Structure formats: C-alpha cells, structure tokens
Amino acid sequence: MAEELMIVGETKEDKYQSLLPQISALIEDETDLIATLANVSAALATTFKWLWTGFYIIKDQQLVLGPFQGQIACTRISHGKGVCGTAWKENRTLIVSDVEKFPGHIACSSLSKSEIVVPLRNTKGNVVGVLDVDSEFLDCFDETDSKYLEEVAHLLSRFFE
Ligand code: SME
C-alpha cells in the first residue's frame, strides 16, 4: 500500500478521478470495516479539506457515529431525523446547499453551511449506514460529488453483510 495519496488535477472531477483508484487500491486487501472506513474518511478529507467527513452505521435502528475526520459530532441519529436520518429513510443521496433551509437539520457544528449524505448499502442493496460530508461553504456539493461519493459507497458494500 502506498503511504501517501497522489492527487493530480485542478477540478473537483479531476481530483475524484485521481482519488477513486487510490481508494480502491487502499482498501482492496483489507477486510476490517473500521480500518477501512477510517482510511477512506482520511483519504476524502485530506483531498478535499472539507469541514467534516465521516460515517454513521446503523445499529439497533439508529445511525451510530463511525470513523470520521473533523470536530466531535453527535453520536446517534434516529431514522428520518436530520439530513442523515432522512437519506437513510428515503434511501437516496441528499444534497443540501444551505443547511439552515433543511427542516430538522442536526447542527453538529455551527460552521457547517452545506452537506451531502450518501447511503451505504450492503451487497443485497439494503441501507446499512451513510457517508456524511459537511462544508463551511454554502452550496459546496453537486452532481459530481454525488456521482463519485456513490462510487465510494459502492466500493464499501462488500464490507457489510
Ligand atoms: N448534519 C447532520 C448530522 C451529522 S453532522 O453533520 C456530522 C444531519 O443533519 O443529519
């Protein structure tokens, strides 16, 4: 395994295209879920320097905080609550350009202005958690982010039963 990521390109699209094969290589020989999610959150966060990048995993009918990069965050989110719980309930990626306009948004940090949440699914297609990314800038996320972060989520499906 390479010890450092090599990210080339100027645009967001370029950076994702550079990063995705490296994430794939980074996790291909690993079987441990926590080790993998920890490295994937670090790879994404160091590439894009987002405010908060991490995972919540469903346990006992709640989303429970998993590996992440950023400030401390709420540890449990109920089904249908906040952006994360809504993405889980609706089984789809949510892009929120202004978190203050999302009813029920859970503010883990007052610095967070926009957010994207991508469902994680197991190999059977059931939602098992979410990938959550927050930015301190309004309108930070778009279809490019959803496309590539959904690819990241897909790479992770084999870690879930
Ligand atoms: N804002 C999220 C909560 C998680 S933190 O952002 C890390 C939400 O509304 O679900």
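The model is predicted. It holds 5 salt bridges and 6 aromatic pairs.

**Salt bridges**

- Side chains of opposite charge can pair when their charged atoms come close.
- Lys12 and Asp145 form a salt bridge in which the closest N and O atoms are 2.5 Å apart.
- Asp142 joins Lys12 and Asp145 in a network of salt bridges.
- Arg92 pairs with Glu90 in another salt bridge, with 2.7 Å between the closest N and O atoms. Both partners are partly exposed: Arg92 has a relative accessible area of 43%, and Glu90 has a relative accessibility of 38%.
- Lys101 and Asp98 form a salt bridge at 3.8 Å from N to O, a pair that counts because the cut-off is 4 Å. Lys101 is exposed, with 68% relative accessibility.

**Aromatic pairs**

- A pair of aromatic rings is described by the distance of the centres and the angle of the planes.
- For Tyr16 and Tyr148, the centres are 4.9 Å apart and the planes are 10° apart, and the pair is stacked. The pair counts as stacked because its angle falls under 30 degrees.
- Tyr16 is buried at a relative accessible area of 0%, and Tyr148 is buried at 4% relative accessibility.
- Tyr16 and Tyr148 belong to one aromatic cluster with Phe48, Trp50 and Phe141.

**Second largest pocket**

- The volume of the second largest pocket is about 150 Å³.
- Strand 5 (114-121) and helix 4 are the elements that give two or more residues to its lining.
- The lining includes Val118, Pro119, Arg121, Asn122, Thr123, Glu150, Ala153, His154 and Ser157. Arg92, the partner of Glu90 in a salt bridge, also lines this pocket, as does Thr93.
- By residue class, the lining of the second largest pocket has 3 nonpolar, 5 polar and 3 charged residues.

Conventions
Residues are numbered from 1 along each chain as its sequence is written. This is a predicted model: local features need pLDDT of at least 70, side-chain atom pairs count only at pLDDT 80 or more; totals for chains, interfaces and linings use all residues. Side-chain values use heavy atoms; hydrogens and water are left out. A salt bridge is a side-chain nitrogen of Lys or Arg within 4 Å of a carboxyl oxygen of Asp or Glu. Buried means under 20% relative accessible area, exposed over 50%, partly exposed in between (1.4 Å probe, protein chains only). On a 1 Å grid over the protein atoms alone, a cavity is a set of points where a 1.4 Å probe fits but cannot get out, and a pocket is an open set with protein on both sides within 12 Å along at least five of seven lines; lining residues have an atom within 4 Å of a point. Grid points are joined across faces, edges and corners, and a volume is the space filled by probe spheres set on the points. Helices (H or I, at least four residues) and strands (E, at least two) are DSSP runs, numbered from the N terminus. Ala, Val, Leu, Ile, Met, Phe, Trp, Tyr, Cys and Pro count as nonpolar, Asp, Glu, Lys and Arg as charged, and the others, Gly among them, as polar. Rings of Phe, Tyr and Trp (its six-membered ring) pair if their centres lie within 6.5 Å; planes under 30 degrees apart count as stacked, over 60 as edge-to-face and the rest as tilted.
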